[in-house]
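Keep the viewer open and follow along.

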Amino acid sequence: MDMESLMAQAGELQAKVAAAQEKLGGMHVKGLAAGGACIVDMSGKYDINSVTINPALLAQGAPAVENAVLSAMRDAKAKADTLIDDVMSDATAGMPIPQ
């Protein structure tokens, strides 16, 4: 493979990855905890957009709220990880990676 072809492929890959990252910024996942009493909305770039807590959960005290928020954030991150893997896999599909 010649250097010019390699550079063209690298440029194409870079453009696809940049487009995928932009797409991820506009995508959202929702992490749930405490039976849906705590919801964390996260972008595909791990930005937290909102946290919703049911008043009934608040009545259970700070430790319950803290645990629910932590669990919901972990759930959202796991979902975002899967989303990122899918989007990036699509962006790089078919691109030969030199070894």
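## Ground rules

Two strands pair if DSSP finds at least two bridges between them. Helices (H or I, at least four residues) and strands (E, at least two) are DSSP runs, numbered from the N terminus.

This is a predicted model, so local features need pLDDT of at least 70 and side-chain atom pairs count only at pLDDT 80 or more, while totals for chains, interfaces and linings use all residues. Residues are numbered from 1 along each chain as its sequence is written, and side-chain values use heavy atoms, with hydrogens and water left out.

## The sheet

Start with the open sheet: three strands, ordered β1-β2-β3, with antiparallel pairing. On the edges sit β1 (28-33) and β3 (48-53), each pairing on one side only. Ignoring direction, neighbouring strands are turned by 15° against each other on average; axes here are lines fitted to C-alpha atoms, for helices over the stretch in contact, and angles run from 0 to 180 degrees between N-to-C directions.

Six bridges link β1 to β2 (residues 38-43) in the antiparallel sense. Which residue does V29 stand opposite in β2? That's M42.

## Helix α3 and the two faces of β1

Helix α3 (residues 62-92) packs on the sheet and touches β1, β2 and β3, where contact means heavy atoms within 4.5 Å. The direction of α3 makes about 145° with that of β1.

Look down β1 and you'll see the side chains alternate. Buried means under 20% relative accessible area, exposed over 50%, and partly exposed in between (1.4 Å probe, protein chains only).

## Loops with positive phi

The β1-β2 hairpin has four residues between its strands, and A34 lies in that loop. A34 isn't a glycine, yet has a positive phi of about 55°. It counts as partly exposed because its relative accessibility is 48%.

Y46, in the loop between β2 and β3, is another non-glycine with a positive phi, about 70°. Y46 counts as partly exposed because its relative accessibility is 37%.

## A nonpolar patch

What do I48, V51 and M73 form on the surface? They make a nonpolar patch with about 230 Å² of accessible area together. Accessible areas come from the Shrake-Rupley method with a 1.4 Å probe; for residues, only the protein chains shown count as cover. Patches are made of residues with over 30% relative accessible area and no salt bridge, with like charges joined within 9 Å and nonpolar side chains (Val, Leu, Ile, Met, Phe, Trp, Tyr) within 5 Å. A salt bridge is a side-chain nitrogen of Lys or Arg within 4 Å of a carboxyl oxygen of Asp or Glu.

M73 belongs to helix α3, and M73 counts as partly exposed because its relative accessibility is 34%.
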